[in-house]
Amino acid sequence: KIRQSFNDLTSLTNFGFQMVAQARYKKWSLSSNLTYAKLGTQMEEGLLLIDYGIDQIILDSKIGYTIIDKIDFGDNVIYGWAMDATIGAIYWYNNITVDADLDVSIDLPVSGFPISINEELEYVDLVFGANFRIILSKSVLLGLSANVGGFGIGNSSELYWDFSFINTFKVSKLLTVTAGYKTFNDKTVSGEGEDEVKTHVKTYGPLIGVAFNL
């Protein structure tokens, strides 16, 4: 079990990026969210030295349809709210490496050390969700999003859920700035017996981004 604060994650992350794209046509929408992260750290537990690393890819793609539209366009003022129902899939890939050895001043053969572990976890989660768009003015948009999925179908997660809240500010016709908060929870089990690997990931924290509207 590894717990890291938001500040610790900056030192744990060797490299990472995220890219989000969305297209809308009338009541239909298509969105895709790609995350890549290369994480790694070294820990000391008594005489034990542990090098831990993860190469991670998350690809989240969804199709949405607007089922409630209460947005009013009139008198040069836009206000109201809308709700989209979504369905899609999240592809997960985690390549986990762990190298452990004993830090001793005298080089003695110790049974079982050094230890080297390499584990690849790859699965797809079916997810259902809802997005709410609340327009406060021509330049301010609030967004709420929640998703749930996995359900242990095939080799998918036992349970996945996420929630996010964003504030979007329109700077110009082509540029918007977004700031908000997101949390997600994922539980998965792979393998059997001695090869069984249980993974439970909980992530939460702020987000900020810039969007270019084409």
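Reply: Let's start with K38 and D55, whose side chains meet in a salt bridge, 3.1 Å from N to O. That term means a side-chain nitrogen of Lys or Arg within 4 Å of a carboxyl oxygen of Asp or Glu. K38 sits in strand β2 (residues 28–45) and D55 in strand β3 (residues 48–69), so the pair ties together parts 17 residues apart in sequence. Strands here are DSSP runs (E, at least two residues), numbered from the N terminus.

Before going on: this is a predicted model, where local features need pLDDT of at least 70 and side-chain atom pairs count only at pLDDT 80 or more, while totals for chains, interfaces and linings use all residues. Residues are numbered from 1 along each chain as its sequence is written, and side-chain values use heavy atoms, leaving out hydrogens and water.

Back to our pair: K38 is partly exposed, with a relative accessible area of 37%, and D55 is partly exposed too, at 23%. Buried means under 20% relative accessible area, exposed over 50%, and partly exposed in between (1.4 Å probe, protein chains only).

The whole structure has 4 salt bridges. Another one joins D60 to K62, with the closest N and O atoms 2.6 Å apart, and both of these residues are buried.

Then there's D84 with R24, at 3.2 Å between the closest N and O atoms. This pair links distant parts of the chain, with D84 in strand β5 (residues 77–102) and R24 in strand β1, 60 residues apart. D84 is buried at 2%, whereas R24 is partly exposed at 37%. R24, D84 and R133 are linked in a network of salt bridges.

Conventions. Helices (H or I, at least four residues) and strands (E, at least two) are DSSP runs, numbered from the N terminus.
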